[in-house]
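Colleague: Could you walk me through a few features of this model and how to read them?

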Amino acid sequence: MIKPDAVAAGNSGAILKQIEEAGFEIVALKMARLSDVYASQFYEIHADRPFYKMLVDFMSSGKIIAAVLKKTNAVVDFRTLIGSTNPENADAGTIRKLYAKSLEYNAIHGSDSDENALIEAGFFFSNFERFSK
Ligand code: CMP
């Protein structure tokens, strides 16, 4: 998911280009604005964390772009492509190093496991909105 900071800054096209150039196939894609309820649900796993309310407020503050991506080893390779959660620690050339402003406003989210990728894809897309080849 490309987060509201990166969409608002006009960086979504460059980010999608970088994702495709890294060998990911875009299987599903949509722009949306999350309500408070949907943002809370998406990040429910962090409900007990001190930053949860700020995260929900931010994620519902503007448009996001959700995508389902396909590639061998996709979860690990995508996390390498986007870089560390905190852009200060991200490697040069990663999406967060290039576009994230801070740990809170960090431009992009990637699933942390195949299991969560399936859950998160199902959050945004029905089966007939996902196309491969
Ligand atoms: P993301 O990969 O989308 O997963 C949870 C998000 O919480 C994370 O990126 C950060 O943008 C955000 N966040 C805000 N504060 C913190 C924090 N202190 N530690 C980790 N994540 C944080």
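**Reading burial and ring pairs**

Modeller: Let's start with Q18, which is buried, with a relative accessible area of 17%. Buried means under 20% relative accessible area, exposed over 50%, and partly exposed in between (1.4 Å probe, protein chains only). This is a predicted model, where local features need pLDDT of at least 70, side-chain atom pairs count only at pLDDT 80 or more, and totals for chains, interfaces and linings use all residues. Residues are numbered from 1 along each chain as its sequence is written, and side-chain values use heavy atoms, leaving out hydrogens and water.

Colleague: Which residues is Q18 in contact with, leaving aside neighbours within four places in sequence?

Modeller: Contact means heavy atoms within 4.5 Å. For Q18 the partners are L81, G93, T94, I95, L98 and Y99.

Colleague: And how many aromatic pairs are there?

Modeller: Rings of Phe, Tyr and Trp (its six-membered ring) pair if their centres lie within 6.5 Å; planes under 30 degrees apart count as stacked, over 60 as edge-to-face and the rest as tilted. By this rule there are eight aromatic pairs. In one of them, the ring centres of F24 and F78 are 5.5 Å apart and the planes are at 80°, so this pair is edge-to-face. Both F24 and F78 are buried. Another edge-to-face pair is F42 with F123, at 5.2 Å centre to centre and 75° between the planes.

Colleague: Are F42 and F123 buried or partly exposed?

Modeller: F42 counts as buried because its relative accessibility is 10%, while F123, at 23%, counts as partly exposed. Ring pairs also link Y38, F42, Y43, F123, F124 and F125 into a cluster.
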